[in-house]
Amino acid sequence: MVVDRRPEGNPAGRAGLLNNVLALAGTLAVFFETRAALIAKESRSAFARLIVVAACLGAAALVFVLGYVFLIAAAVVALAHLANISWIWTALEAALLHFVLAMVLLLIARNRMTGPMFRASAEELKKDSEWLKNLGNQKNS
């Protein structure tokens, strides 16, 4: 009579290395498939939350700009009333002031953008490129 002498704790038994590797690959595939499904589900949820946050930030920016416009309008009317001049002239002066400030900010931004942005990274990439070119020449020699 043949007696099965497999230990109870070894589920693979005498399946062999190939079967064990295939079982491991199958288990890893299931593991990664479930993780990918979880990430996909959470990604949809995170995307929905991101859309809500972006919409709220956009609406807040719009309301802020409208508040700024009304604040400027109120300041124009108040200054015109205090100076006893037409509000139209005060509004034109406020607009001119804003245009001058915008031009100053544009000039500052243009001056900041004239130079290369990632100078150190570009130099390192150039060194790497030269090294790779020289490496090919050294192998041929």
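Me: Which element gives the most to the nonpolar patch?
Reply: In this predicted model, the patch on the surface is formed by Val77, Ile85, Trp87, Ile88, Trp89 and Leu92. Helix α2 covers residues 87–112. With 4 residues, the element that gives the most to the patch is α2.

Me: How much accessible area do the residues of the nonpolar patch have together?
Reply: One member, Trp87, is found in helix α2. Trp87 counts as exposed because its relative accessible area is 52%, and the cut-off for exposed is over 50%. Taken together, Val77, Ile85, Trp87, Ile88, Trp89 and Leu92 have an accessible area of about 660 Å².

Me: What is the order of the elements from the N terminus on?
Reply: The chain has 3 helices and 0 strands. Helix α1 spans 17–83 and α2 spans 87–112, while α3 takes in residues 119–140. From the N terminus on, the order is α-α-α.

Me: What distance does α1 reach from its first C-alpha to its last?
Reply: Helix α1 has 67 residues. At 1.5 Å a residue, a span of 99 Å is expected. The distance reached in the model is close to that value, at 95 Å.

Me: Which side chains meet in a salt bridge?
Reply: Side chains of opposite charge can pair when their charged atoms come close. The count in this model comes to 1 salt bridge, with 3.5 Å from N to O, and the cut-off is 4 Å. The side chains that meet are those of Glu124 and Lys127.

Me: How far apart along helix α3 are Glu124 and Lys127, in helical turns?
Reply: An α-helix has 3.6 residues a turn, so residues three or four places apart point the same way. Glu124 is partly exposed at 42% relative accessibility, whereas Lys127 is exposed at 51%. Because Glu124 and Lys127 are 3 residues apart in helix α3, their separation is about one helical turn.

Me: Why is the pair of Phe31 and Phe32 described as edge-to-face?
Reply: A pair of aromatic rings is described by the distance of the centres and the angle of the planes. The count comes to 1 aromatic pair. The ring centres of Phe31 and Phe32 are 5.3 Å apart and the planes stand at 70°. Planes over 60 degrees apart count as edge-to-face, so the deciding value is 70°.

Me: What share of the residues in the chain is buried?
Reply: The chain exposes about 13000 Å², and carbon and sulfur atoms supply 71% of this area. Buried means under 20% relative accessible area. Of the 141 residues in the chain, the buried share is 4%.

Me: Which element has the lowest mean pLDDT?
Reply: The chain averages a pLDDT of 85, and 87% of the residues score at least 70. Among the elements, α2 has the highest mean, 93. The lowest mean, 81, belongs to helix α3.

Notes:
Residues are numbered from 1 along each chain as its sequence is written. This is a predicted model: local features need pLDDT of at least 70, side-chain atom pairs count only at pLDDT 80 or more; totals for chains, interfaces and linings use all residues. Side-chain values use heavy atoms; hydrogens and water are left out. Helices (H or I, at least four residues) and strands (E, at least two) are DSSP runs, numbered from the N terminus. Buried means under 20% relative accessible area, exposed over 50%, partly exposed in between (1.4 Å probe, protein chains only). Accessible areas come from the Shrake-Rupley method with a 1.4 Å probe; for residues, only the protein chains shown count as cover. pLDDT is the predictor's confidence in each residue, from 0 to 100. Patches are made of residues with over 30% relative accessible area and no salt bridge: like charges are joined within 9 Å, nonpolar side chains (Val, Leu, Ile, Met, Phe, Trp, Tyr) within 5 Å. Rings of Phe, Tyr and Trp (its six-membered ring) pair if their centres lie within 6.5 Å; planes under 30 degrees apart count as stacked, over 60 as edge-to-face and the rest as tilted. The expected span of a helix is 1.5 Å times one less than its number of residues.
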